[in-house]
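Hello,

Here is the structure I promised to pass on. My notes follow below it.

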Number of protein chains: 2
Amino acid sequence: MTQSHRATIIEVARAASTSKTSVSRYFGEERERLSPPLQARIAEAASHLGYHPNQMARGLKGGSSRLIGMLVADIRNPFSVAVMHGVEQACREQGLSLLVCNTDNDPAQEREHLALLTAYRIEGLVVNVAGSPHRELQNLAAQGVPMVLLDRELVDVDAELVGLDNPLAIDMALDHLQAQGYRELLYVSEPPGQASPRTTRLGCYQRGCEARSLTGKVHYQDLADTAMLHQVIAAFLTGSTRSPKALLCANGNVTLAVTRILHTLGARLGETGLIGIDELDWCALVGPGISTLAQPTDAIGRDAVQCLLAPGNRRVAPRGLHAPTLIARGSTRRPAQAPAQEEEPEQ
Amino acid sequence: MTQSHRATIIEVARAASTSKTSVSRYFGEERERLSPPLQARIAEAASHLGYHPNQMARGLKGGSSRLIGMLVADIRNPFSVAVMHGVEQACREQGLSLLVCNTDNDPAQEREHLALLTAYRIEGLVVNVAGSPHRELQNLAAQGVPMVLLDRELVDVDAELVGLDNPLAIDMALDHLQAQGYRELLYVSEPPGQASPRTTRLGCYQRGCEARSLTGKVHYQDLADTAMLHQVIAAFLTGSTRSPKALLCANGNVTLAVTRILHTLGARLGETGLIGIDELDWCALVGPGISTLAQPTDAIGRDAVQCLLAPGNRRVAPRGLHAPTLIARGSTRRPAQAPAQEEEPEQ
DNA sequence: TTGTATGCGTTATCAT
DNA sequence: ATGATAACGCATACAA
């Protein structure tokens, strides 16, 4: 408690006039085996010296680090944080610690962080893939480190995927938009990148539109380029047909970008339909409210850990896919007949 | 590369027909000292075996973990995440790794995490205090672990504080509100808790109001109790005086809660003034836009690390306080004369 | 119930 | 330029 030098097990042992072993047992799982008086002596000595077992040494010996790694593609995305929160809780309940690394969607950082996590001998990895599939990831998987893919799929890495049931989500969105009378849709998404073959999602959207006789357009957009997105949306809204139009946003970031653009375009939410995947704090507050498909972030996070810890790193159920919840708001409620009075004014 | 068993330095040494020492040197700072042919052999062997130095063992021997800990009170607060992002970057540049722990504002979790960080022998700690001041924190500080307090102050812990210049922020807000013609203010904040004596901030607000002849009310509110806040705000708005009223929100969470309530109350932003500390993604999108005082989150994060690494854990400049940036939007622009037409419609 | 001895993978010290 | 060997702090098999 007064030492600047970190107390070691041997010092505690000396102070309690016993052996390293007993002290080790005291701080391990075998406290029971020690006689009450000895326990008391050790407790006294340890607290006096401000002793904490050195996790490094502990991990070195046993080979078990009790560390789970998590790679997050974009820590500033509230969705990622929400999932991470679930992961964290699940880890805590298992007595595991979580080492979170943010990759900022940068493959280079992803590599670095992966090296770090490897160096710390993590016992499991939850990955929200950033860039292309890496040899590093495959190596880790090959070395037998349990691994779970979050949200973003990855070919040629043999790991379970946990996240939203995308086909279902798309279907729910299309059902809702159709029921509300929208007929011409634009699906806006960030570019899938070589990592995640979202052909599934896209295919589902296109088949879904076809089956419902909806016009289903698609636009992939890097959100760094706002101007481009602006153009595309403006073009979509002023398109030739007069049928009711709606936008479907692939995630929270897209929803934000699109909402901003609609705002500057002075579009009326509802008249122009808008629905996004991911529920955000502010969706109820903008104009008449923005409709969303909320992901069960907490469940997804917990599921990821459970899946990680499952024997053989395999869940019992086929896939770790979760259903979203539709939160319908004004942005998908078309004005009665006439184009309504005014709402969502300029500035 | 094909081993399930993690390769060790000794295996690499054998494969490269050399000694542990040389391999250690290769992966350490002394690669230069090795002859090119030997370097090549080691590189070959290591990559073939998929070898990564075990950071545990490394930390055990040298005593240096290259680990920085960060305690975040609420990971779901975008402000915290933004600062964390800055911390992370600064760490990366220093070759340090960041171990982030979320305490969910729970002192118990704070203790646990602190124990963990201690166990991993972190070489520095950035703390966004959750609850009351802990013995653990003091111990850590006493043991000579560099420490920086983020945003929230803490008595009886001798560590530098990095964060917003609160007096300045309050002053800027009051100046702006006064210039815009608001005369009756309500400052809404989360309860300060025993940890952080925000008397400074409060005092500054009250003195500031007095100096400007403004009516300055204050309300501390735990954001879990929305109903209570609702009542208080309703009462404030329907208060007897007819002088223009404005709300000042102490942070992003408060801004969100207050905005929601104003929304349900059908209040017209601008007519009712609103300004918050912390810039949020959506502030420009709600009604006429919500005015904010943006914190330089990135700079704060980086500053925290710099302060941590500074010799003696002390900055040169007196305090690590940063100035905010005023972002004026419609929520602090009063309608010309008549109470204006309509904006921010119900739903 | 308690203690002794050994090894975990690495770096540092001292040789050569 | 390279190598042998002793710590680092702890857990565990084994002995008492």
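How many residues surround DNA strand C, and which are the closest? There are 26, and A:Thr21, A:Ser35, B:Ile9, B:Ser24 and B:Ala57 are the closest. Keep in mind that this is a predicted model.

Chain A supplies at least two residues of the nearby surface from each of helix 2 and helix 4. Helix 4 of chain B gives the largest share, five residues. By class, the surface near DNA strand C has nine nonpolar, eleven polar and six charged residues.

For DNA strand D, the largest share comes from helix 4 of chain A, with five residues. The residues near DNA strand D divide into eight nonpolar, eleven polar and six charged.

Last, the domains of chain A. The assignment gives domain 1 as 9–49. Domain 2 takes 67–163 + 299–321, and domain 3 takes 166–295 + 324–332. The C-alpha centres of domain 1 and domain 2 of chain A are 37 Å apart.

Best wishes

Methods. Residues numbered from 1 in each chain as written. Chains lettered and ligands numbered in written order. Predicted model: local features only at pLDDT ≥ 70, side-chain atom pairs only at ≥ 80, totals over all residues. Domains from an automatic or database assignment. Helix = DSSP H or I, 4+ residues; strand = E, 2+ residues; numbered from the N terminus. Nonpolar A, V, L, I, M, F, W, Y, C, P; charged D, E, K, R; others polar. Near = placed C-beta within 6 Å.
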